[in-house]
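Hi everyone, thanks for coming. Let's have a look at this one together.

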Amino acid sequence: MKLAVDVHYRSKTAVAGGVAFRDWCDSRETALYRSRCREPVSYVPGCFFRRELPCILHLLDEHALTPDTIVVDGFVYLDGERVPGLGKYLFDALGKRSPVIGVAKGKYVTAPDSLSVFRGKSRRPLYVTSVGIPI
């Protein structure tokens, strides 16, 4: 199973969500998951993982999920290869068992342009990084 995850924040809580699917070309999910997290920490630039990681780990634990690949909304490496981001911290927290692909909508200041991927006719790129799986 592959799992795409994201976290939505409210004033005093956060909700982590996951969409499970079998194959990259699937047009429908196989399952949806949701977990509520209390008191998320404040956002600190460059330390996004401190806010998101506990919520994602809670989602995986609460639903006993062991995906073979995880897609996160964010970077695996902030510079593309060495400076860890959310995805690398998640990979390490899971004992390096599940490869992680990071897909970010905005460019982090140290991210190289080589990470950009354009979808169809879009003029705005996504930034893709990975660990445990070739880019």
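The largest pocket here has a volume of about 260 Å³, the space filled by probe spheres set on grid points joined across faces, edges and corners. A pocket, on a 1 Å grid over the protein atoms alone, is an open set of points where a 1.4 Å probe fits, with protein on both sides within 12 Å along at least five of seven lines; lining residues have an atom within 4 Å of a point. This one is lined by 15 residues, with F48, D73, G74, F75 and A104 nearest its centre.

A word on the source: this is a predicted model, where local features need pLDDT of at least 70, side-chain atom pairs count only at pLDDT 80 or more, and totals for chains, interfaces and linings use all residues. Residues are numbered from 1 along each chain as its sequence is written, and side-chain values use heavy atoms, leaving out hydrogens and water.The lining divides into nine nonpolar, four polar and two charged residues. Helix α1 (residues 48-62) and helix α2 (residues 86-93) pack at an angle of about 40°, their axes 9 Å apart.

Key:
Axes are lines fitted to C-alpha atoms, for helices over the stretch in contact, and angles run from 0 to 180 degrees between N-to-C directions. Helices (H or I, at least four residues) and strands (E, at least two) are DSSP runs, numbered from the N terminus. Ala, Val, Leu, Ile, Met, Phe, Trp, Tyr, Cys and Pro count as nonpolar, Asp, Glu, Lys and Arg as charged, and the others, Gly among them, as polar.
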